Amino acid sequence: MHSRSCPTDRGHSGRWTVAFLATLAVACLAATPWALADPQDKKPGKRRIVRKKQTFPEPKPDLTVPIGTPSPAFVGEAPASAMKLERTGTYGGTLVYAEQGEVDTFNPVEPKGATSQELRRLMFSSLVGYSNASWKWEPQLAESWSVSDDKKTWRFKIRQGVRWNDGQPLTIADVEFSFKTCFDDRYKSSIQDGFRDEKGRLPMVAVEGDDTLVLTTHDIDSQLLTHAGQVMIIPKHKWAEQSADGTILQEMTNACDPGDLVGTGPFIFQEYIPAQKAVFTRNPYYWKIDARGQRLPYLDRVVIVLVKDQNLRWQKFEAGEHHVVMDIPGDHYREAQALEKNNRDKYQLHRLGVNLNTYWICWNLHPGSNKDSGKPYVDPKKRYWFNNKKFRHAINHAIDRQGLVKSAMQGRGKAIWGAYNVGNKLWHSKTTKKYPYDLAKANAILDELGWRKNPDDDYRTDDQGNMIEFSLNTNVDNPIRQQMGGLIKEDLRKIGVKVNFQPENFNLLVDKLQDSHEWDVILLGWGAGVPPDPANAKNIVLSRGRLHAWHPQQVTPATEWEAEVDSLVAKMDRELEYKKRKEHQDRIAELMTEECPIMYLCSPNAYSMAKKSVGNVWPSVLRPQVTWNIDQLYLIDGGR
Amino acid sequence: MWTFIIRRLLTVPLLLIGVALITFLLQRWAPGDFFTQMEMDPSKTTADLLRMKADAGLMKRVSTDTLVELSSFRTAGSSFSFTEQGILRDGQPVASTDVRTELRKFTVGLRLFEMDEQGAVYREISSLEGFGRWCLGALRGNFGLSFQHRRPVFELIMERLWNTLKLSLAALVIAWGLAVPLGVLAAVKPGSLPDHLCGLIAFFGLSIPSVFFALLMVLFASLTGWFPIGDMVDVVNYDSMSLWEKVKNQVHHLFLPAIVIGTGTMAGYMRQTRGNMVEALTQDYVRTARAKGLSPNKVLFKHALRNAINPLITLFGYSLAYLLTGSFLVEVVMNWPGMARLVVDAIFAKDEPIVMAAVMVGSLLLVLGNLVADLLLALTDPRVRLS
């Protein structure tokens with residue numbers, strides 16, 4: 001495009017060019033001092049401030065807080081059986097925060113992505129709800145519940161006098177209708193699957209009197225409350241016809257009429273604009289009251305802004321546009337810290353401790369071969385090393401987990417040893433075996449095996465003369481894992497083990513894990529659900545599980561210890577008492593970390609942040625970190 | 001000219017089918033699908049995954065009748081066959097829950113079958129079969145439901161099309177509105193200060209990646225507070241504004257992203273204008289016109305510019321083709337609720353129906369843009385004959 005007619009830029013105009021470029025460069029640099037500063041470039045000798053663990057007490061009621069006027073106003077009186085919460089707050093205001101995802105559908109019968117699931121909690125209620133702060137199931141539409149002596153019959157007593165947000169009364173028939181729709185064969189969903197037992201049977205639904213729903217399971221189900229908590233109660237008067245003729249899944253999509261979303265949640269759906277926002281207003285019939293007998297929720301409106309880009313989400317919060325920001329990634333921590341430091345009266349950063357998500361590496365212990373070529377999935381010489389427990393222990397000792405946290409997470413994380421780190425208050429096990437970073441010990445174990453270092457290049461060869469070398473894969477789109485892979489390679493170099501680190505496409509990795517089985521070692525991570533119960537991880541620990549990564553979908557348990565884990569999981573499924581379940585879980589943790597087919601490495605810290613003008617904030621490491629109790633949040637002075 | 005248009009339009013269906021086939025196969029041949037991400041979620045059951053794949057048309061639920069017709073097959077060291085009553089393993093009847101691991105995935109002939117925990121069997125739909133189904137649907141105007149949103153894809157695209165157009169048209173106006181005058185200004189006296197300044201602007205616009213420029217602009221907005229940080233309107237207060245305020249608010253939000261996209265395209269057009277003008281100004285007819293004593297403005301705009309503008313008209317036609325796709329990255333960075341976020345997400349997530357529909361719309365626009373460019377050229381330049 002620069003055609004021949006362009007004369008050379010010498011002479012007087014050359015100075016202009018230089019001056020302009022210099023100005024531009026200075027402007028860019030001045031505008032991005034922190035964007036360019038790499039947090040890793042810190043001087044090694046700099047002392048890190050060790051912060052005392054931040055705790056978040058339950059918000060206390062304060063009777064001096066002004067009451068304010070709700071707009072829209074409440075309708076009628078609170079039901080006699082209203083749920084009373086020990087909170088106080090001021091009516092009014094609009095809470096604004098961002099969500100990263102999109103709304104797939106509002107339909108509560110068939111839940112989709114995380115954002116959709118979070119939004120439907122604003123509009124619908126279930127019988128029981130999980131409290132992110134107390135880590136317990138709490139009553140919601142069910143005033144109370146009980147379980148029979150044989151632990152198979154569950155009775156839920158429904159709150160009386162509750163009204164739908166269209167003014168109709170909620171009855172036991174609605175509750176029965178919701179469960180029957182959920183169990184309908186035509187509406188198969190993950191919620192329905194959850195209720196199914198080993199033999200694929202669903203619980204029986206019955207009604208006793210005019211206020212009790214009875215669920216009878218065929219086997220004892222330790223997770224019944226979790227599954228019941230997933231069933232959103234929907235109005236029979238609105239959907240009876242659609243449920244009967246099989247079309248209810250086509251209703252309540254993200255393009256539906258707001259009037260269709262009749263629920264008993266704290267808010268009413270007002271408007272959804274794709275890729276922009278979802279707006280909710282107060283449900284004037286909500287059935288919770290506060291310490292002064294005032295009805296909840298305090299907020300007039302909630303605006304959820306749909307922001308895809310993490311940077312932009314942070315910028316918008318920093319500019320004061322949003323009240324709350326959750327799941328702050330580690331690389332925004334310094335900005336968050338600075339914002340808090342410069343505006344102590346305005347912002348509070350919640351250091352929520354260690355996140356429940358984990359990073360791990362896993363060995364391929366699959367004994368099979370490719371059906372077509374007859375080639376073993378794992379090279380026999382590698383299989384010989386991988387199946388040697390002592391070798392795995394040596395590697396475990398050789399990985400510097402603190403180093404991984406320091407370098408790949410800028411120190412904002414924690415070394416972990418088992419599937420449930422200390423952040424998991426309920427399921428972290430003391431029986432988890434630890435393998436502290438100890439090169440001497442790692443070397444000693446390998447020497448003892450007779451796998452000696454080659455004096456030429458310092459790499460080890462095993463007792464059969466094969467050099468110890470394997471490949472490590474992770475997904476290419478995850479920078480933290482990529483960095484960790486590089487560090488592990490360096491760590492293992494120190495004990496004479498050669499690692500070929502190859503990041504790959506995520507889908508390719510999943511294909512390798514589940515179908516081709518042709519891999520050596522993989523570095524990946526698990527996310528945690530709510531509630532963070534081991535029952536969610538059955539796919540990983542059961543030998544027949546799809547994500548039993550080191551040897552998935554075994555027909556019968558391949559080893560004794562895997563058989564023991566299977567039987568322990570079965571026992572946990574049939575046990576309601578936490579203490580006994582924990583005992584079994586402790587044993588599983590012990591077995592898993594003794595055998596270490598999968599080696600847990602580290603977890604990042606979790607952070608959220610809110611303006612101090614948001615009242616009753618009670619953050620939790622469980623998601624959604626701040627807005628889980630949105631029916632109790634209120635704005636002080638209009639949320640400035 | 002009409003035969004030209006008709007001939008051009010007749011090639012469109014062939015072209016679209018070709019593009020569709022390539023897009024479809026590229027998506028299918030790359031590893032994984034929309035549901036791969038979910039397969040790594042421990043809380044997702046196989047039953048749920050297979051059901052979702054069947055809903056999406058990636059797999060098909062197989063009825064008992066079809067299963068019974070299958071010949072017996074060997075997998076996991078045993079021979080299996082299906083009967084009306086259930087499954088036989090080595091001739092012995094077994095419950096489906098007892099063999100769910102052995103029969104999790106099995107092949108009969110070349111067909112891949114998968115069974116879930118509850119004994120439901122699905123078969124894989126091959127790429128060509130899938131493409132055939134897509135074509136049949138498309139012929140009937142049915143482009144399928146998005147895997148993620150479970151809604152017709154054109155409904156989703158239409159929701160956002162106008163937003164993208166708003167941004168692209170504003171950028172187009174900025175680009176052309178600045179490119180032609182600046183290009184002419186630069187060409188009048190090559191080597192002068194205005195020429196160099198224009199060259200610098202062009203240099204800047206051509207060399208800065210739009211994503212980085214967009215990020216800088218977000219930063220600028222956040223540091224100065226003069227402009228909103230992303231979005232198309234004030235998300236919280238927009239609904240309560242008067243009409244005039246709404247217009248002002250929209251323009252305020254439109255400014256930065258339009259500048260970002262506009263500068264990039266403007267730079268190229270400006271250099272093109274300048275080059276053409278410089279060349280035109282050295283032509284004999286310009287010297288003749290000057291010698292005739294015509295005013296410099298008349299020479300410039302009536303004689304030189306008219307001749308210099310032809311290649312630009314072709315460029316203008318092409319720029320129509322990029323109306324929908326040119327702003328993709330900037331839309332993502334600046335949270336513009338246009339098609340980009342939908343389509344970029346869909347590409348990464350492999351939400352095939354959306355990608356297919358978006359590629360079809362994009363290709364169609366490219367073809368039409370070219371056609372418009374050719375027609376415009378014929379209209380303005382009497383030397384061009386279309387036949």
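Is the crossing of helix 6 of chain B and helix 15 of chain B left-handed or right-handed? The first legend below gives the reply; the views are taken from a predicted model.

**View 1. Helix 6 and helix 15 of chain B.** The crossing of these two helices is right-handed. Helix 6 (residues 153–188) of chain B packs against helix 15 (residues 352–380) of chain B at an angle of about 60 degrees, and their axes are 9 Å apart. The pair is therefore oblique. From helix 6 of chain B, Val153(B), Phe154(B), Leu156(B) and Ile157(B) meet Pro353(B), Ile354(B), Ala357(B), Ala358(B) and Val361(B) of helix 15 of chain B. Sorted by class, this contact holds nine nonpolar residues, with no polar and no charged ones.

**View 2. Helix 14 and helix 15 of chain B.** Helix 14 (residues 339–349) of chain B also packs on helix 15 of chain B, at an angle of about 125 degrees and with axes 8 Å apart. Met339(B), Leu342(B), Val343(B), Ala346(B) and Ile347(B) of helix 14 of chain B meet Ile354(B), Val355(B) and Ala358(B) of helix 15 of chain B. This contact comprises eight nonpolar residues, no polar and no charged. Ile354(B) and Ala358(B) of helix 15 of chain B take part both in this contact and in the contact with helix 6 of chain B.

**View 3. An open sheet in chain B.** Four strands of chain B form an open sheet in the order 2-3-4-5, with antiparallel pairing. Strand 2 (73–75) and strand 5 (92–94) of chain B lie at the edges; each has a single partner strand, so one side of each lacks a neighbour in the sheet. Neighbouring strands of the sheet are turned against each other by 40 degrees on average, direction ignored. Within the sheet, strand 3 (residues 78–82) and strand 4 (residues 87–89) of chain B pair in the antiparallel sense over three bridges. Phe80(B) stands opposite Arg89(B) of strand 4 of chain B.

**View 4. The side of chain A that touches chain B.** Contacts between the chains involve 58 residues of chain A and 51 residues of chain B. Elements of chain A that each supply at least two residues to this side include helix 1 (12–31), strand 2, helix 8 and helix 15 (506–516). Helix 1 of chain A gives the most, with six residues. By class, this side of chain A has 22 nonpolar, 22 polar and 14 charged residues.

**View 5. Helix 8 of chain A and its cover.** In helix 8 (residues 310–318) of chain A, the buried residues are Leu312(A), Arg313(A), Trp314(A), Gln315(A), Lys316(A) and Phe317(A). Their cover includes strand 2 (94–99), strand 13 (324–325), helix 9 (333–342) and strand 22 (598–611) of chain A, together with helix 8 (210–224) of chain B. Gly320(A), which follows helix 8 of chain A, has a positive phi, near 85 degrees.

**View 6. The surroundings of Trp385(A).** Trp385(A) belongs to helix 10 (residues 380–386) of chain A. Trp385(A) counts as buried because 25 C-beta neighbours lie inside 10 Å. Apart from neighbours within four places in sequence, Trp385(A) is in contact with Phe391(A), Asp462(A) and Ile468(A). Glu469(A) is 84 residues from Trp385(A) in sequence, while their C-alpha atoms are 10.0 Å apart in space.

Terms used:
Residues are numbered from 1 along each chain as its sequence is written. Chains are lettered from A and ligands numbered from 1 in the order in which they are written. This is a predicted model: local features need pLDDT of at least 70, side-chain atom pairs count only at pLDDT 80 or more; totals for chains, interfaces and linings use all residues. A residue is buried if 20 or more other C-beta atoms lie within 10 Å of its own, exposed if 12 or fewer, and partly exposed in between; C-beta atoms are placed from the backbone. Two residues are in contact if their C-beta atoms, placed from the backbone, lie within 7 Å. Ala, Val, Leu, Ile, Met, Phe, Trp, Tyr, Cys and Pro count as nonpolar, Asp, Glu, Lys and Arg as charged, and the others, Gly among them, as polar. Axes are lines fitted to C-alpha atoms, for helices over the stretch in contact, and angles run from 0 to 180 degrees between N-to-C directions. Angles under 35 degrees count as roughly parallel, over 145 as roughly antiparallel, 65 to 115 as roughly perpendicular and the rest as oblique. A crossing is left-handed if the near helix is turned anticlockwise from the far one by less than a right angle, and right-handed if clockwise. Two strands pair if DSSP finds at least two bridges between them.
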